[in-house]
Each structure stands twice: as structure tokens, then as C-alpha cells.
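Subject: Structure for your review

Dear colleague,

Please find the structure below, handed over for your study.

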Amino acid sequence: MSADTAADEFKLAFYEATKELMAADPDTQEVMVSYGAPGSLDPEDVVAFLGVTSEQQAASIGQRSRDEDLTIEVAISCFRGGLEDQELVCGQRAYQLLRMITRYVRKTDTTVGGTVLWCFLQGHESTGQTDPQLIQQGRVIEITARFLARARIT
């Protein structure tokens, strides 16, 4: 594991794994996966890997190793032009993408490329409706998910 922090390695590995995950499925090949804020909002579906927080605590005093708890924020945004019937379409799609990512770190690659000891969905939030200022352009549902991981710093 890392000598000082695993934050950057973890974020990069999680981003790359999600990009590969989306590209491998014909239903999600068009999903834009971005490291940080997306440069364009043209794709209908976006997954953005945003901020990371880190907290460290002693793991074993004898060897000065530390446990690092990392929380990464992942934003999912799904847009469809149209009226209120598209609100449901966007909501279902956003949660489909969240479930894909969650399942990946919970079952497929629990160490996110060996960068952490474990990783799982800690929580998420969504207003569940289109912002009234955007409603004339179409419908959009956004989810902000927080994934918690633990790394051993040696």
C-alpha cells in the first residue's frame, strides 16, 4: 500500500475501473466518466469522480503504520429531453448506473485495483426531481454518492 496516502491512487483506480465498466457494457458505452468536473455536458449520462477526503489513525504503533479512511464523492447525472414522463426514465437510469458501480466495488474488485483494503457505498442523496430552472430544457436526475474505503499506510 501507499507510504503516505492512498487518496490519489484510489481515485484514479476507481475512475479507470468505472470507465472500463461502462465501456464494456453496450447499454452504457455512451456514459461519460470524468476525473473531476466533466468538460462537457453533451452526453445524456455522466459519472464524475469528484472530491476525496482522508482521515488517518494509528494502526500499529510498533511499525508506525496507519489506517486511512477515504471518502470519495461520485456524481451521477442523467438527462433526457422531454416532459414529465422522462423524469422516471432519468431516475431509473441514474440508479442503474449507481448500482453498477456499487456492485463492482462490493463484489468484483473490492480492493479497487489493490489501492485499498475494502470499499463500499456509504450513502447517497438525490432530490429526485429536475431543478425547476432547468425544466424547460428537459429532465435531469442527479445522484451524489459517497463511497468509503480503507487503506493501510505503511
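W118 is partly exposed, because its relative accessibility is 29%. F120, at 36% relative accessibility, is partly exposed as well. The ring centres of W118 and F120 are 5.2 Å apart and their planes meet at 20°, so this pair is stacked. Please bear in mind throughout that the model is a predicted one.

Aromatic rings

The structure contains six aromatic pairs. Among them is the pair of Y15 and F49, which is edge-to-face, with 6.4 Å from centre to centre and 80° between the planes. Y15 belongs to helix α1 (residues 7-24) and F49 to strand β2 (residues 45-60), so the pair ties together parts that are 34 residues apart in sequence. Both of these residues may be located by their accessibility: Y15 is buried at 14% relative accessibility, and F49 is buried at 0%.

Salt bridges

Over the whole structure, a search finds nine salt bridges. One of them joins the side chains of E44 and R80, with a distance of 3.5 Å from N to O. E44 is found in the loop between β1 (32-35) and β2, whereas R80 is in strand β3 (residues 65-80), so the bridge ties together parts that are 36 residues apart in sequence. Are these two side chains buried or exposed? E44 is partly exposed, with a relative accessible area of 40%, while R80 counts as buried at 12% relative accessibility.

R139 takes part in a salt bridge with E84, at 3.8 Å from N to O. E84 lies in the loop between β3 and α2 (85-108), and R139 lies in strand β5 (residues 139-153), so this pair ties together parts that are 55 residues apart in sequence. The relative accessible area of E84 is 56%, which means that E84 is exposed. R139, by contrast, is buried, with a relative accessible area of 10%.

R139 also forms a salt bridge with E87, and here the closest N and O atoms are 3.0 Å apart. This pair links distant parts of the chain, since E87 is in helix α2 and R139 in strand β5, 52 residues apart. E87 counts as buried, at 16% relative accessibility.

Some salt bridges share partners, and in this way D27, E44, D45, R80 and R93 are joined into one network. The pair of E44 and R80 described above is one of the bridges found.

Cysteines

How many disulfides does the structure have? The count comes to zero. C90 itself is buried, with a relative accessible area of 0%. C119 is likewise buried, with a relative accessible area of 5%.

Yours sincerely

Key: Residues numbered from 1 in each chain as written. Predicted model: local features only at pLDDT ≥ 70, side-chain atom pairs only at ≥ 80, totals over all residues. Heavy atoms only, no water. Disulfide = S-S within 2.5 Å. Buried < 20%, exposed > 50% of the residue type's maximum accessible area, 1.4 Å probe, protein only. Phe/Tyr/Trp six-rings, centres within 6.5 Å; stacked < 30°, edge-to-face > 60°. Helix = DSSP H or I, 4+ residues; strand = E, 2+ residues; numbered from the N terminus. Salt bridge = Lys/Arg side-chain N within 4 Å of Asp/Glu carboxyl O.
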